[in-house]
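Here is a short report on how this chain is put together.

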Amino acid sequence: MPKLLEKFKKYTSPVLGRYFPDLEIKGGKGSYLIGMDGKKYLDFSTGIATTVVGHCHPKVAAAVSKQAKQLMHICIGVALYEPYIKLAEEISKIVPIKNAQSFFCQSGSEAVESAIKLAKYSTKKPGIIAFKGGFHGRTLGALSATTSKMKYRDGYDPLLQEFYISEFDLAQVEQLMQSHSIAGAILEPMLGEGGYIEAPLEFVKGLRALCDKYGVLLILDEVQTGFGHTGAWFAAEHFGIIPDIMTMAKGIASGLPLGACVASAELMAKWSPGAHGSTFGGNPVSCAAAIATISVIKSEKLVANAKKLGDYLKKKLLELKEKFPAIKEVRGRGLMLGVDFGDSNIVKNILNYCLEKQLVLISTGADGTVIRFVPALNINKKQIDTALSIFEQAVSSPPSL
Ligand SMILES: Cc1ncc(COP(=O)(O)O)c(C=O)c1O
């Protein structure tokens, strides 16, 4: 039995789903995880699209440790502190929303809750439209908008009222907007947990237009797509549209707990003081990590690296698709790429083979049929080639296929 597993089973709730029951690590550095026995694993999971500048980036670690010695907590409601304000200023410089203001929380789910609350509160309307295959989090509001795996919802009925799930179908969306009082429409520009499926360009543009027509706020959930993984700071840029509200988390602070709900000052002005809040949201240490993460992404030109190496990785994966009929589709953008096998057993075998060869890849999709490649933005070509070579061996190695 691996070292931690027995006590994990004894002392922690069994509710958590896990990709690899036996994988235990003691650390991480750059694009590598360090196993309990010192073994190095090439990490293409980034803790589910989170450690965007690699594990324990020295500049982020230094910022965290400096801030931890200065102030760990006070709550912004009690006193203002610089990292909270500075981070909001930095975010306003990288989002497509003009005069952007941020509300900070601790996770993607809370960012989504915040966006839903802002939409309802500011429009005084009850309804939310979400899209089939979307994942927005596990809290009850976010879960009401989540359909990536229906089992996430099982056992929690009744979920929140007035959540409507639509296909990527403008006629269906318009019909919902006509027949219900809709506050907001929440969309992942690329379904993350839903299998790395990008929303069609014309659909997203049409959705923006329908939101304008019916006075509905467009919420882009960029929790997984944000902070460079798609080869742009935010995926909104690929669609040439400006959302009313954006949610972000995951990559924002290199793994420290932080989420943000971002909207224009004009919209935020409709959210009265006290209508929402958080004790830990925008904690000084998490904000310091986020400021350092943004600074590293800028100084190391990592958005451009994600685009360049993402194009290279996608080209190579498409070549593998030509070679191996088991690969049904390669999709995604930047360093957020999915390889769909259409079969979860094949995927499980490949993931286990790769782990054996010290490459960590994880699955996604409603039925777990997709393998996602979501490495750190500062991954290098050699590391990508190593991962590709192991992946190719896995795909070609009988008897798994
Ligand atoms: C698009 C999206 N929104 C929201 C969430 C929820 O984030 P968290 O797990 O931090 O609550 C996730 C998590 O995977 C996500 O991918």
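Helix axes here are lines fitted to C-alpha atoms over the stretch in contact, and angles run from 0 to 180 degrees between N-to-C directions. The model is predicted. Two packed helices are described by the angle between their axes and the distance between the axes.

**Helix pairs**

| Pair | Angle between axes | Distance between axes |
|---|---|---|
| H7 and H8 | about 15 degrees | 10 Å |
| H12 and H14 | about 20 degrees | 11 Å |
| H13 and H14 | roughly 135 degrees | within 9 Å |

Start with helix H7 (residues 170-179) and helix H8 (residues 201-214), which pack at about 15 degrees. That angle makes H7 roughly parallel to H8, since angles under 35 degrees count as such. The crossing of H7 with H8 is right-handed. On the H7 side, the contact uses Leu-170, Val-173, Glu-174 and Met-177. H8 answers with Phe-203, Gly-206, Leu-207, Leu-210 and Tyr-214. The contact of H7 with H8 holds 7 nonpolar residues, 1 polar and 1 charged.

H12 and H14 pack at about 20 degrees, with their axes 11 Å apart. H12 is therefore roughly parallel to H14. H12 passes H14 in a right-handed crossing. From H12 come Leu-309, Tyr-312, Leu-313, Lys-316 and Leu-320. They meet Lys-381, Ile-384, Leu-388, Glu-392 and Val-395 in H14. By class, the contact of H12 with H14 has 7 nonpolar residues, 3 charged and no polar.

H14 also packs against H13. The axes of helix H13 (residues 344-356) and helix H14 (residues 381-396) cross at roughly 135 degrees and come within 9 Å. That makes H13 oblique to H14. The crossing of H13 with H14 is right-handed. H13 brings Ile-350, Tyr-353 and Cys-354 to the contact, and H14 brings Ile-390, Phe-391, Ala-394 and Val-395. The contact of H13 with H14 has 7 nonpolar residues, with no polar and no charged.

**Two domains**

The chain is divided into domain 1 (5-53 + 301-396) and domain 2 (58-299). Their C-alpha centres lie 25 Å apart. Across the boundary, 27 residues of domain 1 are in contact with 29 residues of domain 2. Which elements each supply at least two residues of the side of domain 1 that touches domain 2? They are helix H2 (46-49), helix H12 (302-323), strand S13 (329-333), strand S14 (336-340) and strand S17 (370-373). H12 gives the most, with 5 residues. By class, this side of domain 1 has 13 nonpolar, 9 polar and 5 charged residues.

**Backbone exceptions**

Most residues other than glycine have a negative phi, and most peptide bonds are trans. Cys-75 sits in the loop between helix H3 (58-70) and helix H4 (82-94). Pro-158 belongs to the loop between helix H6 (140-144) and strand S6 (163-166).

Definitions and conventions. Residues numbered from 1 in each chain as written. Predicted model: local features only at pLDDT ≥ 70, side-chain atom pairs only at ≥ 80, totals over all residues. Helix = DSSP H or I, 4+ residues; strand = E, 2+ residues; numbered from the N terminus. Parallel < 35°, antiparallel > 145°, perpendicular 65-115°, else oblique. Left-handed = near helix turned anticlockwise from the far one by under 90°. Contact = placed C-beta atoms within 7 Å. Nonpolar A, V, L, I, M, F, W, Y, C, P; charged D, E, K, R; others polar. Domains from an automatic or database assignment.
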